Amino acid sequence: MSWLSLFGLGRYFAPVTGHAKDVGEPDVWDLTIDGAGWLVGQDVKRYPSVRHQPLTTLGEVPLGIVLHYTATDHGTAENLAKRIQKFNRLKDRSASWNVLIAATGVIYQSVSLERGSWHCAKGRLDGHTINRSTIGVELEGYGKAPLPSPQVDALRRFYEAVIPHYRITKERAVLEHRTFDPTRRADPGDHVAEVARRLVSEIEP
Ligand SMILES: [Zn+2]
């Protein structure tokens, strides 16, 4: 860890020094994943939710990543993350997700990447329900082009950490909610899917 990252200044100084990322040198923006499936790094905030369940996959490893958009305005992410921390069976919608990426680039994690959340009620992957086999990622907003660049950068950081860690195939890194529930869901939409596929294609194999 550099003194810049200690003070959270790496983001301001990195462009000035002109070195984006040297080989072998940890970048202050790199994310890691702890032993319990939680992201660790700059601009990651945890709001642990009770809305989760075990994965049914071998070793409880996620097999894919399903993308969504929140269909809410920019600036709503943190409140959404707080709202799903608890669950009242009588009045709450049974919805949750593992990770929500704000337009600002802040990543709000609600559920371990090694637990299932309640992000996609339909569909199956290798015989498992989607909720019990994939990571649900919400993007704050309506999926409209162009996505804010901090949000795209955050999705890239997320992919760079998660895809190699769980050995998720590139195809399964860009699953779409609408594919599993086409009559009710339109998210994440063409633009998000296109951006996500480009990010995934740029990750070193
Ligand atoms: Zn969705």
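**View 1. Pro146 in the loop between β11 and α4.** Pro146 has its place in the loop that lies between β11 and α4. In this predicted model, the peptide bond that joins Ala145 and Pro146 is cis, with omega about -10°.

**View 2. A cis peptide bond at Pro188.** Asp187 and Pro188 are joined by a cis peptide bond, and omega is about 5°. Pro188 is found in the loop between α5 (177–180) and α6.

**View 3. Helix α4, residues 149–166.** Helix α4 has 18 residues. From the first C-alpha of α4 to the last, the helix reaches 26 Å, close to the 26 Å expected at 1.5 Å a residue. An α-helix has 3.6 residues a turn, so residues three or four places apart point the same way. The buried residues of α4 are Gln151, Ala154, Leu155, Arg157, Phe158, Tyr159, Val162, Ile163 and Tyr166. Among the elements that cover these buried residues are the strands β1 (32–33), β5 (64–69), β6 (99–101), β7 (107–109) and β11 (134–139). Helix α6 (189–201) is also included in this cover. After α4 comes Arg167, whose phi is positive, near 50°.

View 4. Ala173 lies in the loop between α4 and β12 (175–176). Ala173 counts as buried because 24 other C-beta atoms lie within 10 Å, and the cut-off for a buried residue is 20 or more. Leaving aside neighbours within four places in sequence, Ala173 is in contact with Gly64, Ile65, Tyr159, Ile163, Ile168 and Val200. Two of these names belong to the list of buried residues in α4, which includes Tyr159 and Ile163. Ala173 and Ile65 are 108 residues apart in sequence, yet their C-alpha atoms are 4.8 Å apart in space.

**View 5. Strand β5 and its two faces.** β5 is mostly covered, with six of its six residues buried. On one side of β5 are Gly64, Val66 and His68, and on the other are Ile65, Leu67 and Tyr69. Both faces are covered, as these residues are all buried. β5 is also included in what covers the buried residues of α4.

**View 6. The strands that pair with β5.** β5 pairs with β11 in the parallel sense, over six bridges. Within this pairing, Ile65 has Ile135 of β11 as its bridge partner. β5 and β12 also run parallel, and two bridges join them. Here the bridge partner of Leu67 is Glu176 in β12.

View 7. Glu60 lies in the loop between β4 (53–54) and β5. The phi of Glu60 is near 50°, a positive value in a residue other than glycine. Glu60 counts as partly exposed because it has 15 C-beta neighbours inside 10 Å.

View 8. The loop between β5 and α3 (77–83) holds Ala71. Ala71 is not a glycine, and its phi is positive, near 55°. With 14 other C-beta atoms within 10 Å, Ala71 is partly exposed. By contrast, Ala173 is buried, with 24 other C-beta atoms within 10 Å.

Technical notes
Residues numbered from 1 in each chain as written. Predicted model: local features only at pLDDT ≥ 70, side-chain atom pairs only at ≥ 80, totals over all residues. Helix = DSSP H or I, 4+ residues; strand = E, 2+ residues; numbered from the N terminus. Expected span 1.5 Å × (residues − 1). Buried ≥ 20, exposed ≤ 12 C-beta atoms within 10 Å, placed from the backbone. Contact = placed C-beta atoms within 7 Å. Pairing = 2+ DSSP bridges.
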